[in-house]
Amino acid sequence: MAEYEIPELREIPIIPKIKEGVMAHSSPFVAKAPIQTAIGFPGELVDNWEGKLLDKMDDLRGRYRSLQVYLDSCVKCGACTDKCHYFLGTSDPKNMPVARQDLMRKVYRRYKTFAGKFWGKLGMPWMVGAAELNKDVLDDWYSYFHQCSQCRRCSVYCPYGIDTAEISMAAREMMDSVGVGQKYCNEIIGKAQTVGNNLGLPQPALYDTLEGLEEEVEEDTGVAVKFPIDKKGSDILLVTPSADFFAEPHVDGLIGYAKVFHEAGASWTLSSHASEAANFGMFIGSYENMRTLSQRVRKAALDLGVKRIIFGECGHAWRVAYSFLNTLAGPWDFLDQNYPIPQHICEYTYDLIQNDKIKFDKSENDHMTITFHDSCNVARASRMGDKPGGQFDIPRAVIKAACNNYVDMPEDTIKEATFCCGGGGGILTDDLMEIRVKGAQPRMEAYKRVVEEKGVTNLAAICAICKAQFSKVLPYYGFGMTDIISVHQLVGDALILSDAAGDDDSDDSDGEE
Amino acid sequence: MSTISVNGKELEVDEEGYLTNLNDWVPEVATYMAKDEGTELSESHWEVINFLREYYEEYQIAPAVRVLTKAIGKKLGKDKGNSKYLYELFPYGPGKQACKYAGLPKPTGCV
């Protein structure tokens, strides 16, 4: 199946012995000039790139106080070393979070600290953990900063709270600024900025796809569940990852959202202008690109005259939406202030459940025993509801409302300690398959445990990347590619639809509070 | 830039073997690419490839998985209108492998 060794799934996970340089060959395709220039970066490695990269470092240190603190404050305690799924899966010591940070830190020390400048001039920068910036260092950056999924697990265990994700984002931004960008992320950002979504689905294709889904659901259920798009005057704008239109198991989640809206009698719409929740601008640390993408959501909300915005199942989209949307695309004073701005689809469904507005026939999901994979960006970079830990409890409560059989994976692999799926942070691309497979090992080990001990049959998630990644890597570990499902597929399959006819002219969404 | 040699012509492909210029496509491209990956194209493969090309012609994008399974189901019977059938034909994924043979760009994003 692959030219590399697939990690073993062991009963008791043991920290591997280090194998230096085993992943040094892993490096994603470089973006060509047209992709780079389309999103505001130089087309190829610029002249005097060393100086320009260091200037960018200054710019980012000035913009983000956090980056400066992270570069200065590591005490090499080692708490992070065995926390990264890529280190655990590959044994490459440069995948220890501290080593990944040090790729940048040693350059920072050499050029931006007194000690580094002093020892650097004497030709001994290593005396103070500093190093010269050269092409080899840049290549190392390109390789190892694309072996980080920015999942922030290491930051949970760091006594100083150093967030490798932010360092990795900054590194990618610095590389982009001198003309070295990753094809996968940057091509997608360009598409989302021109067509409106990562897949490049134009409006007619979206319309056709949604029409097909309406027919499918009506055939299946006998109920005319609608998938409205570009419908002006709707109450709710749903912004969801474009994979929900395109791929499996994502699409079953979309069907689930539509059924929930239908049953709640909500007036909702999708938008072809903002037909993407994902925001890959975050993965490459580019504030400007992140902002451009977020502005599409604002424009769609204004053009359609909606009162609320709800985000579908997409992990990093929810981080951007929950944490940054106001800065990037606010103020949202034109929306209904009685609801969270924005709201997560799980919060929406949860409220309906709490208020008894929707009912389930849980036996529809009795053929499965479910476990929930906490997606990194939801777990560690956002929240849901109005209580701490809502991002863990609400999706679980939604699943349990729709299923009789639910089991959690081991405690140290879920919630704030969750392991990344192995494909987050802009590395969900075929040219990085090896690191994706190896990085999935810790999650697969935890999954195997509940499969064998508790009879778990399926893994549910609320992130398009997790879903795509798992359907690819599950088979490498002996599981079925269809083990991974959308949380709202469980919801949709068990939801009892009242046989309301012709209710696309729905009343006001007074359904939930 | 790499190329493949089809009908005596050198055609440009990207790093992953997808045609760079969609207009370069001729049926022999599909045969060539499939053979390269150890597959002999059957009538069933062609049903999918032809549908992908027709859809792309109209919508400038590959069809979503449910659009594809529905169309194949209509044409070849309900038992074949599912992704299990498509994965049997294209083990590397109908979206990616079949698109490549059909000369379409690779679907991007979280898929």
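Predicted model: local features only at pLDDT ≥ 70, side-chain atom pairs only at ≥ 80, totals over all residues.
# A guided tour of chains A and B

Select N48(A): this residue is exposed, with 9 other C-beta atoms within 10 Å. Residues are numbered from 1 along each chain as its sequence is written, and chains are lettered from A and ligands numbered from 1 in the order in which they are written.

**Stop 1: the backbone at N48(A)**

Remain at N48(A) and display its backbone. Phi is near 50° here, a positive value in a residue other than glycine. N48(A) belongs to the loop between α1 (33-38) and α2 of chain A. (Helices are DSSP runs of H or I with at least four residues, strands are runs of E with at least two, and both are numbered from the N terminus.)

**Stop 2: two helices against α9(A)**

Next, select residues 49-63 and 164-177 of chain A, which are helix α2 and helix α9. How do the axes of these helices cross? They come within 9 Å and cross at roughly 140°. (Axes are lines fitted to C-alpha atoms, for helices over the stretch in contact, and angles run from 0 to 180 degrees between N-to-C directions.) α2(A) is therefore oblique to α9(A). (Angles under 35 degrees count as roughly parallel, over 145 as roughly antiparallel, 65 to 115 as roughly perpendicular, and the rest as oblique.)

To see what forms this contact, show K52(A), L53(A), K56(A), M57(A) and L60(A) on α2(A), together with A170(A), E173(A), M174(A) and S177(A) on α9(A). (Two residues are in contact if their C-beta atoms, placed from the backbone, lie within 7 Å.) These residues divide into 5 nonpolar, 1 polar and 3 charged. (Ala, Val, Leu, Ile, Met, Phe, Trp, Tyr, Cys and Pro count as nonpolar, Asp, Glu, Lys and Arg as charged, and the others, Gly among them, as polar.)

On the α3(A) side, the contact is made by S66(A), L67(A) and Y70(A), and on the α9(A) side by E166(A), I167(A) and A170(A). By class, the contact of α3(A) with α9(A) has 4 nonpolar, 1 polar and 1 charged residues.

**Stop 3: W119(A)**

Move to W119(A), which is placed in helix α6 (residues 114-121) of chain A. Is W119(A) buried, exposed or partly exposed? It is partly exposed, because 19 other C-beta atoms are within 10 Å. Leaving aside neighbours within four places in sequence, W119(A) is in contact with M124(A), P125(A), M127(A), V128(A) and A130(A). Then select W268(A) as well: W119(A) and W268(A) are 149 residues apart in sequence and 63 Å apart in space, C-alpha to C-alpha.

**Stop 4**

Now select I255(A), in helix α13 (residues 250-264) of chain A. This residue counts as buried because 26 other C-beta atoms lie within 10 Å. Not counting residues up to four places away in sequence, I255(A) touches L213(A), V217(A) and G492(A). Between I255(A) and E214(A) there are 8.9 Å in space, C-alpha to C-alpha, and the two are 41 residues apart in sequence.

In the loop between α12 (243-246) and α13 of chain A, find P249(A). A cis peptide bond joins E248(A) to P249(A), with omega about 5°. Another cis peptide bond runs from I341(A) to P342(A), where omega is near -10°. P342(A) is in the loop between α15 (315-329) and β4 (343-344) of chain A.

**Stop 5: chain B**

Finally, colour chain B by domain: domain 1 covers 2-36 and domain 2 covers 43-101, with bounds from an automatic or database domain assignment. The centres of the two domains, taken over C-alpha atoms, are separated by 20 Å.

Which residues of chain B meet chain A? In total, 17 residues of chain B are in contact with 30 residues of chain A. Helix α3 (residues 65-76) of chain B supplies the largest share of the chain B side, 4 residues. That side has 8 nonpolar, 5 polar and 4 charged residues.

End at Q60(B), in the loop between α2 (43-59) and α3 of chain B. Its phi is near 60°, a positive value in a residue other than glycine. Q60(B) counts as partly exposed because it has 16 C-beta neighbours inside 10 Å.

Key:
Buried ≥ 20, exposed ≤ 12 C-beta atoms within 10 Å, placed from the backbone.
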